[in-house]
Amino acid sequence: MTMVKRGPNVPARWRLLLCALILLAGCSKEQLTADPNVEMPAPKQSSFSQFRTTRAHGAEAPLRTEVEARVPAELGEVLAFYRRELGQRGWREQPDDAIIAADRVQLAFISPKGPAVLKLGRAKGETTISLARRNPEAAAKADILPTSGQARLIFGYLRPDVASLVINAQIIEIAGGENHPQRLDLPPGTYSYELLVSGLRVRADTITLAKGEAWSLSDDKMPSQIY
């Protein structure tokens, strides 16, 4: 006589749960994708994205091009997406000064049109994206390109009062009226500064400068990166 050994009697509700878990385990996540015809890619799955360019007065070529986005995906997935997509576009990753952490990534690239920086972060369960590329040829023509290894500040003042910028233990006088923008090259770092008009402080702030960048300062706005 043949003996049949029966397994444990599993309740129906547990069998359904087990089947669901097996099904989920067999499913793979959808790979992040991008439009192959876009030079500055963002995942199609992004919940938000915007594209910005900065130009010098009268110039057609942009000084700086940036895409910002948020995507409901893990940081590691987004990092893999950009390494794949940018590599296919001929961008070369630069290992120097790379930052790769659980909640933050910063990588430098050399693209066919100039240097670029990718910054990834985490906010409200999504991965935040900033991919910015600089155009050194356009910056050189506009006299915005900083000295090698330095960062550049560009500032001016159009009121009739005499103004002064206090930064890095320097006091820089800014002539009133229609004056040409003034330029100051500084080593990379974070600086506190004050803008004084007729001896009165009209703005006090800090600014963080990275090598090769150019920023604009004014009294009525936050510092803005233009290159």
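Reader: Which residue in β12 is the bridge partner of V197?
Author: L200 is the partner of V197 there. A strand is a DSSP run of E with at least two residues, a helix is a run of H or I with at least four, and both are numbered from the N terminus. Two strands pair if DSSP finds at least two bridges between them.

Reader: What kind of model is this?
Author: It is a predicted model, where local features need pLDDT of at least 70, side-chain atom pairs count only at pLDDT 80 or more, and totals for chains, interfaces and linings use all residues. Residues are numbered from 1 along each chain as its sequence is written, and side-chain values use heavy atoms, with hydrogens and water left out.

Reader: Back to the strands. How many bridges join β11 to β12?
Author: Nine, and the two strands run antiparallel. Their hairpin has two residues between the strands.

Reader: What else does β11 pair with?
Author: β8. Strand β11 covers residues 189-197, and five bridges join the antiparallel pair. L165 has L195 in β11 as its bridge partner.

Reader: What holds strands together in general?
Author: Backbone hydrogen bonds pair the strands of a sheet, either parallel or antiparallel.

Reader: Which strands make up the open sheet?
Author: Four strands, in the order β10-β7-β13-β14, with mixed pairing. At the edges are β10 (182-186) and β14 (224-225), and each of them pairs on one side only. Strand β7, residues 151-155, pairs with β10 in the antiparallel sense over five bridges. Within that stretch, F155 stands opposite Q182 in β10.

Reader: How many helices and strands does the chain have?
Author: Three helices and 14 strands.

Reader: New topic. R203: buried or exposed?
Author: R203 is buried, because its relative accessible area is 16%. Buried means under 20% relative accessible area, exposed means over 50%, and partly exposed is in between (1.4 Å probe, protein chains only). Of the chain's 227 residues, 35% count as buried.

Reader: Where is R203, and what does it touch?
Author: R203 sits in strand β12. Leaving out residues up to four places away in sequence, R203 touches Y193, E194, L195, S218, D219, K221, M222 and P223. Contact means heavy atoms within 4.5 Å. The side chains of R203 and D205 are also joined by a polar contact of 3.0 Å. A polar contact is a pair of N or O atoms within 3.5 Å; within protein, one must be able to donate a hydrogen and the other to accept it, and residues adjacent in sequence count only if both atoms are side-chain atoms.

Reader: What about the loop between β8 and β9? Which residues there have a positive phi?
Author: N168 and A169 lie in that loop. The phi of N168 is about 55°, and the phi of A169 is about 60°. N168 counts as partly exposed because its relative accessibility is 37%. A169 is at 87%, so A169 counts as exposed.

Reader: How is a pocket told from a cavity?
Author: On a 1 Å grid over the protein atoms alone, a cavity is a set of points where a 1.4 Å probe fits but cannot get out. A pocket is an open set with protein on both sides within 12 Å along at least five of seven lines, and lining residues have an atom within 4 Å of a point. Grid points are joined across faces, edges and corners, and a volume is the space filled by probe spheres set on the points.

Reader: How many cavities of 30 Å³ or more does a search find?
Author: One, in the whole structure. The largest cavity has a volume of about 60 Å³. Its lining includes F155, L165, L195 and S218.
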